[in-house]
Amino acid sequence: MMTTTQTARDVIGLDNAHVLQTYRRAPVVFERGNGCRLYDATGRAYLDFISGIGVSSLGHAHPRLSAAIAAQAATLLHTSNLYYHPLQSEVASRLTALSGLPRTFFCNSGTEAVEACLKFARRYWHAQGSPRSEIVALERGFHGRTMGSLSVTWDDHYRAPFGPLLEGVTFVSQNDPDALRRAVSSRTAAVIAEPLQGEGGVRPLEQAMAEAITDACEATGALFIADEVQCGLGRTGVPFHSATLGLRPDLMALGKALGGGVPVGAALFSDRVAASAAFGDHGSTYGGNLLACRAAMVFLDELTSGLLEHVASTGPLIRAALERVAARHPMITGIRGAGVIWGVELDRPAAPVVEAALDRGLLINRTADTVIRMLPPYIVDSADVDQMAVMFDAALGAVTAEEK
Ligand SMILES: Cc1ncc(COP(=O)(O)O)c(C=O)c1O
C-alpha cells in the first residue's frame with residue numbers, strides 16, 4: 001500500500017465523502033505529467049504504461065497539444081452544432097483519409113460513438129423499409145456503459161444491476177466462427193466487435209473469426225460495426241486494426257487516443273449508412289466543438305507525420321522486453337498485443353502485481369482478472385520500455401516472494 005501525504009489524504013477523504021463511489025481508485029494523487037511520466041503530490045515520478053486507459057496518446061503535457069489547446073481556448077471554445085466552424089470538417093476529412101469511411105458524427109466519448117453506431121445501424125434498416133434491430137456481439141466484448149453500449153457489452157458484472165437492457169442481442173464466443181455464422185440472420189441489423197478486445201483481456205480477433213463476420217454480413221446484409229475505441233487510431237501500429245484482419249466496417253466507433261486527453265468521440269459511416277441519415281436524427285451539444293477538434297487535429301497531424309511508424313517499430317521492442325521478463329517468471333503464461341497495446345496473461349489474479357508495480361513507480365492495470373494490460377503513450381521510447389521491464393520484473397518478483 002502506498003504512503004500518502006497529508007494533501008493526498010485530504011483529496012482522498014473529500015473524494016470519499018462527495019464523489020459517487022463507482023471507482024476503486026489506487027491511493028495516489030497525480031498533480032502533473034510530462035511525456036511518459038506522471039508526478040504525485042510528493043513529486044515522485046511514475047512511468048505511465050496505461051496513459052489514462054489509452055487516452056494520453058501523445059503523452060502528458062505534449063508541447064504542441066498544450067499550445068494548440070491554449071490558443072484555441074483563447075480564440076473560441078464552443079459554438080454548438082447550430083453553426084459551422086472550420087475545424088470539424090477538417091478532422092472529419094482526415095478521418096476519412098485514414099479509414100476510407102466518408103462521414104463522421106462527432107461526440108464526446110467511446111460509449112457515445114458506439115451509441116451512434118447502434119442507432120444508425122437501426123436507422124439504415126428503417127430507411128430500407130424493413131426494420132431490423134437485432135445485434136450480434138462477442139463474448140468478452142466491451143463497448144461502454146450507456147444503455148445501448150452496455151447492452152452489447154458481455155460481462156454480466158457490468159450489466160446485471162441495470163436491466164432490462166436492449167432486446168435482441170446475441171453473444172457468441174470470440175473463437176467460434178461457426179457459431180457466429182449461425183447467429184447472424186436476416187433479422188440481424190449489425191454485428192459489433194472490437195478487432196482487438198481491450199477490456200476483455202487484450203485478445204486480437206482471429207482471422208477465421210474476421211472472415212466469418214465478413215461472410216455472415218455479406219450473406220444476410222447485416223452491417224458490421226468495428227469498435228476501434230481502444231485498439232484503433234494507430235495503437236496497433238496501423239491506422240485501424242480491422243483493416244489488418246481484412247474487415248470492412250460499415251460503421252466504426254472511435255474515442256480515447258483521438259483527443260490525447262480532451263474528450264472526443266467519433267462514429268464513422270459508409271456511404272450507404274450515411275445516406276439514411278436525416279436532419280434531426282441525432283445530436284450532441286458538445287460533439288466536435290472547437291477545443292475537441294483542435295486537439296484531434298494535433299493528434300492526427302502527429303500520427304501521420306511519423307508517430308504511426310514509431311508505434312509500429314516500438315511494438316516488437318515491447319514484446320521482446322516482456323518475453324525477457326516472462327523467461328524469469330513462470331507465472332506469465334502468455335503475451336498478446338501489438339504496437340502499444342499489450343496483455344500479459346498470468347496464472348493467477350493480476351491485482352497484486354498491479355499494486356506491486358505501483359509501489360515501484362510503474363502504472364499498469366489489470367483486466368479480465370488475470371491479465372496485466374499495458375497501454376503506454378504512443379511516444380514511448382526504448383529507454384522507457386527498458387525501464388518498464390526492470391520495474392515489472394521487480395513487481396513480479398515481489399509478488400512471488402510474498403507467496404513464499
Ligand atoms: C472498445 C471500447 N469501446 C468503448 C469504450 C467506452 O469508451 P468511453 O469510456 O470513452 O465511453 C471503451 C472504453 O474502455 C472501449 O475499450
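In this predicted model, the sulfur of Cys293 is 11 Å from the closest cysteine sulfur, that of Cys107, which is too far for a bond. Cys293 is also buried, its relative accessible area being 1%.

**Cysteines**
- A search of the whole structure finds zero disulfides, and Cys231 is accordingly in none, since the nearest cysteine sulfur, in Cys117, is 13 Å away, whereas a disulfide requires the two sulfur atoms to lie within 2.5 Å.
- Cys231 is buried, with a relative accessible area of 1%.

**Ligand site**
- The residues surrounding the ligand include Ser109, Gly110, Thr111, Phe142, His143 and Gly144, together with Glu194, Glu199, Asp227, Val229, Gln230 and Lys256.
- Sorted by class, this shell comprises two nonpolar, six polar and four charged residues.
- An N or O atom in the side chain of Asp227 lies 2.7 Å from a nitrogen atom of the ligand.
- The ligand taken alone exposes 390 Å², of which the protein buries 82%.

**Helix H14**
- Helix H14, formed by residues 382-403, has 22 residues and reaches 32 Å from its first C-alpha to its last, close to the 32 Å expected at 1.5 Å a residue.
- At the start of H14, a side-chain oxygen of Asp381 comes to within 3.1 Å of the backbone nitrogen of Ala383.

Methods. Residues numbered from 1 in each chain as written. Predicted model: local features only at pLDDT ≥ 70, side-chain atom pairs only at ≥ 80, totals over all residues. Heavy atoms only, no water. Near = heavy atom within 4 Å. Polar contact = N/O pair within 3.5 Å; in protein donor to acceptor, adjacent residues only side chain to side chain. Areas by Shrake-Rupley, 256 points an atom, 1.4 Å probe, with all protein chains shown as cover. Nonpolar A, V, L, I, M, F, W, Y, C, P; charged D, E, K, R; others polar. Helix = DSSP H or I, 4+ residues; strand = E, 2+ residues; numbered from the N terminus. Expected span 1.5 Å × (residues − 1). Buried < 20%, exposed > 50% of the residue type's maximum accessible area, 1.4 Å probe, protein only.
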